[in-house]
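Visitor: Hi! Could you walk me through this one?
Guide: Happy to. Here it is.

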Amino acid sequence: MNNKVFLLGSTVLIVLLLFLFVKVPVLYVSYEGGGFSIKEDSFEVSWIHSVEKEPWMETYEREGNRLYLARTRFKTFGAGTPSDGEVIPSNDGFVHMKIDREVESIDLIVSTNVETTLTTDSKEYRLYEMVEEYENVIIEMKKLPLWEYLRGEIL
């Protein structure tokens, strides 16, 4: 009987320790007063270019606990356009570029003027409706405790 109680107690203790100390790398979006995690391994950030008034999209991918700018799409070359990417042929009116550059974080200033939006396979986050005008939004890899990760979206 004592062995069964000891075994059960040890198992519960190990599970509790796992929930407290094991950390899971996740994509995390944070802003003043809130944030949420993204479970998908890729997402797109899009906005309307402030000068050209044309859409600009960047696709990011997570590999393990690293974040990469995989590719970008825009209408024309100009100031701020990547110059070291590989142009991918397309017929949709956009310039497509393969970038594959590791980034530590994505730091966005969100505005209704440019309709800053984050899109995953399962959801569209209209950041410009979620935060105050010109608020800073940061997207980065973060290590969350297992219990927090299993809890789901963090708001």
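Visitor: What lies 3.0 Å from the backbone oxygen of Met-57?
Guide: A polar atom of the Thr-72 side chain lies 3.0 Å from that oxygen. Keep in mind that this is a predicted model, where local features need pLDDT of at least 70, side-chain atom pairs count only at pLDDT 80 or more, and totals for chains, interfaces and linings use all residues. Residues are numbered from 1 along each chain as its sequence is written, and side-chain values use heavy atoms, with hydrogens and water left out.

Visitor: Which side chain does the Thr-72 side chain join in a polar contact?
Guide: That of Trp-56, at 3.0 Å. A polar contact here is a pair of N or O atoms within 3.5 Å; within protein, one must be able to donate a hydrogen and the other to accept it, and residues adjacent in sequence count only if both atoms are side-chain atoms.

Visitor: Is Thr-72 buried or exposed?
Guide: Thr-72 counts as buried, because its relative accessibility is 3%. Buried means under 20% relative accessible area, exposed over 50%, and partly exposed in between, with a 1.4 Å probe and protein chains only. Thr-72 sits in strand β5, residues 66-74.

Visitor: Which sheet has β5 in it?
Guide: The open sheet of 7 strands, in the order β6-β7-β5-β4-β3-β9-β10, with antiparallel pairing. Its edges are β6 (86-88) and β10 (124-125); each has a single partner strand, so one side of each is left without a neighbour in the sheet. Strands pair if DSSP finds at least two bridges between them.

Visitor: How many bridges link β3 and β9?
Guide: There are 3, in the antiparallel sense, with β3 covering residues 42-48. Ser-46 has Thr-117 of β9 as its bridge partner.

Visitor: What about the sheet with β1 in it, what's the strand order?
Guide: That open sheet has 4 strands, ordered β2-β1-β11-β8, and its pairing is antiparallel. From one strand to the next, the twist averages 35°; axes are lines fitted to C-alpha atoms, and angles run from 0 to 180 degrees between N-to-C directions. Strands β1 (residues 23-31) and β11 (residues 136-145) share 8 antiparallel bridges, and Val-26 has Lys-142 in β11 as its bridge partner.

Visitor: Changing topic: how many helices and strands does the chain have?
Guide: The protein chain has 3 helices and 11 strands. Those are DSSP runs numbered from the N terminus: helices are H or I with at least four residues, strands E with at least two.

Visitor: And why is the chain called more spread out than a compact globule?
Guide: Because its radius of gyration is 20 Å, well over the 15 Å that the globule rule gives for 155 residues. The radius is taken over C-alpha atoms, and the rule is 2.2 Å times the number of residues to the power 0.38. Those C-alpha atoms fill a box of roughly 75 × 35 × 25 Å along the principal axes.
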